[in-house]
Amino acid sequence: MSRSSLAAIAILALSAAACTTYQGPAPVEQRAVRGARAPAPKPPAAAAPAKAPAAAVDGYYTVKQGDTLYSIALDNGADYREVAQWNGLDDPTKLRIGQVLRVKPPEQRQGVVVSAAKGSGKVESRTLESAPPAQKPVAAATAAGAADEAVDFIWPAKGKVLAGFAEPRSKGIDIDGKVGDPVVASAAGRVTYIGTGIPGLGKLVVIKHDNGFITVYAHNKDIVVKEQQNVARGQKIAELGNTDADRPKLHFQIRKGSAAVDPMRYLPAS
């Protein structure tokens, strides 16, 4: 065999060996270091806390079983017409249990006074709060309780007191009498409601007075005034009766805003 043949055979043998014996870099194997702790498993993600129910907002009322628009308005010191208007109620007799009603006037947005700044063509704006307050005349009576004394109440009927004020069971007093006895306005004011829309009070009259006072006259036989009518102190407004009552009597309440107060604190000594 010639030298050239031997050389060719040697080259082929080396090529075959290279194809069969070549190995790439060894894979890297990660091993725990002896004595080291394995990483602690991650705790599962905590579920998002449930949102608490929204707190009751002042100025709103949730309708309950037995409520009427008239009773809701009275208990919140409001006129039922205003409550109906604030809530867009076309029919005051249609309320739903769970319905939320606005019972206080909506807040008025503060206006902005716009005026031209002196010495420049720019427009300057400021809220009404930044304007200097107008000087108010000093009231002659500034002692505590002066507002209460501004309304001079009289007895709405002649008769002995059958039952006194006992909140929350009784929000007023019961005055004895005979069917047909005159019931008079305890103070000057405006009639805001007449009717039978409040369970347990029969035919009643509600009058709104100055300084947030309201009076209620219940269980009447007949009513001789109309809603929105202005009445004078001592003017006859109804005749005593026993509607929705166990005997002839006048149930009389005095309210300061939404709170019922003891009429005996305001009525003259008999």
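Helix H2 (69-75) and strand S13 (249-256) each contribute at least two residues to the lining of the largest pocket, where helices (H or I, at least four residues) and strands (E, at least two) are DSSP runs numbered from the N terminus. This is a predicted model, in which local features need pLDDT of at least 70 and side-chain atom pairs count only at pLDDT 80 or more, while totals for chains, interfaces and linings use all residues. Residues are numbered from 1 along each chain as its sequence is written, and side-chain values use heavy atoms, with hydrogens and water left out.

**Confidence**

The pLDDT, which is the predictor's confidence in each residue on a scale from 0 to 100, averages 76 over the protein, and 63% of the residues score at least 70. Over residues 43-56 the pLDDT is below 50, and this stretch has zero contacts in the model beyond near neighbours in sequence, a contact being heavy atoms within 4.5 Å. Residues 108-140 also have pLDDT under 50, and for them the model has 18 contacts beyond four places in sequence. Where pLDDT is low, the predicted coordinates should not be read in detail.

**Pocket and cavity**

Both kinds of space are found on a 1 Å grid over the protein atoms alone: a cavity is a set of points where a 1.4 Å probe fits but cannot get out, a pocket is an open set with protein on both sides within 12 Å along at least five of seven lines, and lining residues have an atom within 4 Å of a point. Grid points are joined across faces, edges and corners, and a volume is the space filled by probe spheres set on the points. The largest pocket holds about 170 Å³ of space, and of the 13 residues that line it, the closest to its centre are Lys171, Ile198, Leu201, Gln253 and Arg255.

The structure holds one cavity of 30 Å³ or more, and the largest cavity has about 120 Å³ of space. Among the residues lining this cavity are Tyr70, Ala73, Thr192, Ile198 and Lys208. Helix H2 supplies the largest share of the cavity lining, three residues. In the table, Ala, Val, Leu, Ile, Met, Phe, Trp, Tyr, Cys and Pro count as nonpolar, Asp, Glu, Lys and Arg as charged, and the others, Gly among them, as polar.

| Lining | Residues by class |
|---|---|
| Largest pocket | five nonpolar, four polar, four charged |
| Largest cavity | nine nonpolar, one polar, two charged |

**Strand S12 and its partners**

Four of the five residues of strand S12 (residues 236-240) are buried (under 20% relative accessible area, with exposed over 50% and partly exposed in between, for a 1.4 Å probe and protein chains only), so the strand is largely enclosed by the rest of the structure. Strand S7 (residues 182-184) runs antiparallel to S12 and is joined to it by three bridges, with Pro182 opposite Glu239; two strands pair if DSSP finds at least two bridges between them. Strand S10 (residues 213-223) also pairs with S12 in the antiparallel sense over three bridges, and Asn220 has Leu240 as its bridge partner there.

**Individual residues**

His219, in strand S10, has a positive phi near 70° and counts as buried at 5% relative accessibility. Asp244 lies in the loop between S12 and S13, and its phi is also positive, near 60°, but Asp244 counts as exposed at 52% relative accessibility. The peptide bond from Glu167 to Pro168 is cis, with omega near 5°.
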